[in-house]
Amino acid sequence: KTMNIAFLGLGNMGGPMAANLVKDGYDVIGFDVSADARAAAQSANVPVTDSLTEAVATADTVITMLPNGAIVKNCYEELLPFVPTGALLIDSSTISVDDARAIHDMAAERGLEQLDAPVSGGVKGATAGTLAFMVGGTDEAFNAARAVLDPMAGKIIHCGGSGAGQAAKLCNNMLLAVQQIAVGEAFTLAQKLGLKDQALYDVITGATGNCWAIETNCPVPGPVPTSPANNDFAPGFATALMNKDLGLAMDAVVSTGARAPLGEHAAQIYRGFADRSPGLDFSAVITTLR
Ligand code: NAD
């Protein structure tokens, strides 16, 4: 394929995402500040460089997959002077809507198209190439990005203008956090009432309380053999990551003046739980209810 892709941030997510682009025939050059991350990517057949400027100098697409908004902003400041005219910038990190719009404006000042394209699906989805991309930006940029996102994606949704992808992601995860706690409360109450886990599962998954948090991520062992509860709550979706996303959601609640009493309570519960058990799947929150 003719496209030259610079992939910046070769961590748990970025490493396998870049590897899937290579597998699909794209010309990829990876960059990460960590030598270990570069070495891991290289052993997965991703060509790497230890120079950010070299990575972006010949790119027509630049993808970032970095830890947080401050780092993405710094990285954009460093790379923007060196990106060729006409290049498309795609940020797949999970960052605040405000930061997403700020980096979009930085790129626009240089006359470059830019998209926010956060993902869900975790390391499993990154490795399998089945991530869900939630994309914010213009129609032109979205259409140009589709072919590049495709080898990494199971689903690609254009959510609206700049920041809309991040907005969709944090609304979904705030809802998920509330649901996972609520499902935990239902099982905890049911157990105290002498109801069997399997019976409650069978009823709810066929009834109006059904949701992903019970159907797929059932927080008690048994009903769903693949759920983290059957494996000492190995993630899955780690509590620390859910806590990060809830922090972004709460920032947005405050900055917009939206009312989200249940989201706020869920964020408070996950803040406390993340201090104690950051590495467990977020469904392990049920253990705080017993
Ligand atoms: P990670 O910490 O494994 O990887 C981040 C990588 O960025 C690291 O290798 C780090 O060395 C590198 N890095 C830091 N500063 C850099 C810079 N200035 N230039 C280049 N590289 C730099 O994190 P991850 O799990 O891969 O997550 C990346 C992003 O994806 C985060 O925003 C996270 O919230 C989001 N996300 C993660 C998951 C998940 O399940 N892990 C799921 C969805 C979204």
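In the predicted model, Val62 makes contacts with Ala6, Leu8, Val56, Leu79, Val83, Ala87 and Leu89, when neighbours within four places in sequence are left aside. Val62 and Ala6 are also the residues with the most contacts inside the largest nonpolar core, a set of 91 residues. The greatest contribution to this core comes from helix H8, spanning residues 164–192, which supplies eleven residues. In soluble globular proteins, nonpolar side chains tend to be buried together.

Helix H1, formed by residues 14–23, is mostly covered, with eight of its ten residues buried. The buried positions of H1 are Gly14, Gly15, Pro16, Met17, Ala18, Ala19, Asn20 and Leu21. After H1 comes Gly25, which has a positive phi near 100 degrees.

The ligand is surrounded by 25 residues, of which Gly11, Asn12, Met13, Ser34 and Thr94 are the closest. Two or more residues of this shell are given by each of helix H4 (69–79), strand S7 (119–120), helix H6 and helix H11 (239–256). Classified by residue type, the shell around the ligand comprises 14 nonpolar, nine polar and two charged residues.

Val97 is located in helix H5, which covers residues 97–109. This residue counts as buried because 25 C-beta neighbours lie inside 10 Å, the threshold for burial being 20 or more. When neighbours within four places in sequence are left aside, Val97 is in contact with Gly163, Gln166, Ala167 and Ala252. The C-alpha atoms of Val97 and Ala168 are 9.7 Å apart in space, although the two residues are separated by 71 residues in sequence.

The UniProt record, an unreviewed entry, places the feature "domain: 3-hydroxyisobutyrate dehydrogenase-like NAD-binding" at residues 163–287. In the model, this span is 61% helix and 0% strand, and its end C-alpha atoms lie 35 Å apart.

How values were computed
Residues numbered from 1 in each chain as written. Predicted model: local features only at pLDDT ≥ 70, side-chain atom pairs only at ≥ 80, totals over all residues. Core = buried A, V, L, I, M, F, W, Y, C linked by C-beta atoms within 7 Å. Buried ≥ 20, exposed ≤ 12 C-beta atoms within 10 Å, placed from the backbone. Helix = DSSP H or I, 4+ residues; strand = E, 2+ residues; numbered from the N terminus. Contact = placed C-beta atoms within 7 Å. Near = placed C-beta within 6 Å. Nonpolar A, V, L, I, M, F, W, Y, C, P; charged D, E, K, R; others polar. UniProt positions renumbered as here; feature names shortened; annotations may be inferred.
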